[in-house]
Amino acid sequence: MTDILDLFPQYAEELKLLRKTAREFAQRNFSPELAREYDKKEEFPWDLYRKAGELGLIAPSIPTEYGGGGFTTYIADMVVAEELVRVEPTLGIAITSGAFSSHLLYFFGTEEQKKKYLPPVYRGETTFFGAYTEPEHGTDITQLSTIAERKGDKFIIRGMKTFITNAPTAKYGVLLAQTDPEKRHRGQTLFIIHTDWPGVQVRKLTGKMGQRAIPVGEIYLDNVEVPIDYVVGGEKGINQGFYWTLAYFNVSRLGPAAIALGLMEAAFDKALEYAQKRVQFGQPIANFQLIQEKLARMAMLIEVTKSMLYRAAYYVDSYIQFKIDPRAMAAITSATKVFATEMANKVIDDAIQIFGGYGYFEEFDVERYWRDHRVTRIYEGTNEINLLTIFDALKRGVWKP
């Protein structure tokens, strides 16, 4: 059978080895019982995260000088995410999300910022956060309530961010604030923020439907003094925050797509095994044509999603080298994110249906897969917003299928 990685011959062998490493790591360290434990306690799997960092699995495509895995293609990130999530979604998602938004600092930070802040994240010593969302604005970040007022060689930041992945566990991360309110989105800046600074308060949010092993919180900033050295990109980064954030999301929204693919595969693996063992009316339910149709459609959707995801990841390599129009890249990754997360809806739901009543109970895991999946259609831009992004590229003529 043809391996999808063979479509990228310049990377195929090293990526296959990476996939083997990720899969064996997950099979050796993950279990459904452990996942249920972290899900119930709503705790981050620090031990697994550190072990993943030792193997270079937290940021495969980041150069080794910054603590990453040293692969020269973004496809590597998709390979690891897919494999970890497929073996055990709750734990795999937690590990792949631990470095959320750190790529933004890699893309736009100064050399000093990257060498100081990235290696501890990729070694598994700390997580990283990206604080963009606000209670009043949600998906709309064109005008922010979090204000950064310049006072000489420092900024005074006040405001609040919510639904911030990793906020309760991260030592630091990046935060988007309004530096020139009159310019709206043209007057926004990204800052490196430490969670232990005076005036910074973090509150953990609990009671999530799913992805409970990923900590989420709110960040309050009460006149926090931030030296200009902590502006992402230094002086040149002032008022570039909105544009750099969008450029980062053009890449990062493939993360939810990779997670969705891994969830689809995990649900399919469980459903296929169950259908071959579960006996009803004197025979395995896999012998029934309605079950066969469900499994066939699930496999079909997984295959199409996988092709779409890896194709998009291949384009990211060119995008990072400024060879693809940003709006075209946004359309490609938006389409991938929407398709993957919506197809995961169908595949996981069919898996639950194949399990019948058992699928509704935690012992059989697919109910947890559903809970872990549901938010993928919301974060990294809601699917509705991503569809508008696709149409914008079509309207401008910079991309079409």
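**Loops, rings and overall build of the predicted model**

Thr72 turns up in the loop between α3 (46–54) and α4 (75–87); helices here are DSSP runs of H or I with at least four residues, strands are runs of E with at least two, and both are numbered from the N terminus. The model is a predicted one, so local features need pLDDT of at least 70 and side-chain atom pairs count only at pLDDT 80 or more, while totals for chains, interfaces and linings use all residues. Residues are numbered from 1 along each chain as its sequence is written, and side-chain values use heavy atoms, with hydrogens and water left out.

With a relative accessible area of 61%, Thr72 is exposed (the cut-offs being under 20% for buried, over 50% for exposed and partly exposed in between, with a 1.4 Å probe and protein chains only). Setting aside neighbours within four places in sequence, Thr72 is in contact with Tyr11 and Glu14, where contact means heavy atoms within 4.5 Å. Thr72 and Asp317 sit 245 residues apart in sequence, yet their C-alpha atoms are 8.5 Å apart in space.

Two other loop residues have backbone angles worth a look. Glu42, in the loop between α2 (32–41) and α3, has phi near 55 degrees, a positive value in a residue other than glycine. Glu42 counts as buried, at 15% relative accessibility. Asn166, in the loop between β3 (154–165) and β4 (172–178), also isn't glycine and has a positive phi, near 75 degrees. Its relative accessibility is 0%, so Asn166 counts as buried.

Now for the aromatics. Rings of Phe, Tyr and Trp (its six-membered ring) pair if their centres lie within 6.5 Å; planes under 30 degrees apart count as stacked, over 60 as edge-to-face and the rest as tilted. By this rule the count comes to 22 aromatic pairs. In one of them, Phe108 and Trp244, the ring centres are 4.7 Å apart and the planes are at 5 degrees, so the pair is stacked. This pair ties together distant parts of the chain: Phe108 belongs to helix α6 (residues 102–108) and Trp244 to helix α8 (residues 241–252), 136 residues apart. Phe108 and Trp244 are both buried. Ring pairs also join Tyr66, Tyr106, Phe107, Phe108 and Trp244 into a cluster.

Over in helix α11 (residues 326–355) sits Lys346. This lysine counts as partly exposed, since its relative accessibility is 39%. From Lys346 to Leu17 it is 329 residues in sequence and 31 Å in space, C-alpha to C-alpha.

As for the chain as a whole, the secondary structure comes to 13 helices and 9 strands. The radius of gyration is 21 Å, close to the 21 Å that the globule rule gives for 401 residues, so the chain is as compact as a globular protein of that length; the radius is taken over C-alpha atoms, and the rule is 2.2 Å times the number of residues to the power 0.38. The C-alpha trace spans about 80 × 45 × 40 Å along its principal axes. Of the 401 residues, 56% are buried. Among contacts between residues at least 6 apart in sequence, 75% join residues at least 24 apart.
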